[in-house]
Amino acid sequence: MQKAKVRENVKEYALLTLGTVIMTLGIYFFKFPNHFSTGGVSGVGTILGAVTPITPATWILIINMTLLVVGFIFLGRTTGIRTVYCSVVYSLLTWAFEWIFPMTQPLTDQT
């Protein structure tokens, strides 16, 4: 019984991680360099990064951490933990991509 629960949790978090990595890749390599701001935290981060000296990834981290506190209070522990996990992975991956793969221009000339 306990082993099945652990396997289920590992599978759930592996899928959450995979989805977050795919989302982060798309946002970092296509949305940020083209200055797309379609909405949500990444959109707000892109806009704020364009008009302030703070990078979009840092804005995403700041906004996500603020929203996580509020969400944890209203959504409960289980959903809050999953949300915290994905938000932290997303924020840290975006930050790491800025450091490892600095982007000064879009990958293509098509928007």
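Predicted model: local features only at pLDDT ≥ 70, side-chain atom pairs only at ≥ 80, totals over all residues.
Local features need pLDDT of at least 70 and side-chain atom pairs count only at pLDDT 80 or more, while totals for chains, interfaces and linings use all residues. Residues are numbered from 1 along each chain as its sequence is written, and side-chain values use heavy atoms, with hydrogens and water left out.

Me: Why is Tyr28 called buried?
Reply: Buried means under 20% relative accessible area, exposed over 50%, and partly exposed in between (1.4 Å probe, protein chains only). Tyr28 has a relative accessible area of 3%, so the residue is buried. Phe29, at 16% relative accessibility, therefore counts as buried too.

Me: What makes the pair of Tyr28 and Phe29 edge-to-face?
Reply: Rings of Phe, Tyr and Trp (its six-membered ring) pair if their centres lie within 6.5 Å; planes under 30 degrees apart count as stacked, over 60 as edge-to-face and the rest as tilted. For Tyr28 and Phe29 the centres are 5.0 Å apart and the planes at 85°, so the pair is edge-to-face.

Me: Why is the pair of Tyr28 and Phe97 called tilted?
Reply: The ring centres of Tyr28 and Phe97 are 5.7 Å apart and the planes stand at 55°, so the pair is tilted. This pair links distant parts of the chain, with Tyr28 in helix α1 and Phe97 in helix α4, 69 residues apart. Helices (H or I, at least four residues) and strands (E, at least two) are DSSP runs, numbered from the N terminus. Ring pairs join Tyr28, Phe29, Phe97 and Phe101 into a cluster.

Me: Which residues form the largest nonpolar core?
Reply: A nonpolar core is a set of buried Ala, Val, Leu, Ile, Met, Phe, Trp, Tyr and Cys residues joined through side-chain atoms within 4.5 Å. The largest has 9 residues: Ile27, Tyr28, Phe29, Phe32, Val41, Ile60, Ile63, Tyr90 and Phe97. Two or more residues each come from α1 (2-31), α3 and α4 (77-100), and α1 gives the most, with 3 residues.

Me: How do you know whether Ser91 is buried or exposed?
Reply: Ser91 has 1% relative accessibility and therefore counts as buried. Ser91 is found in helix α4. Contact means heavy atoms within 4.5 Å, and, not counting residues up to four places away in sequence, Ser91 touches Ile60, Leu61, Asn64 and Met65.

Me: Why is Phe74 called exposed?
Reply: The relative accessible area of Phe74 is 70%, so the residue is exposed. Phe74 is found in helix α3 (residues 56-75).
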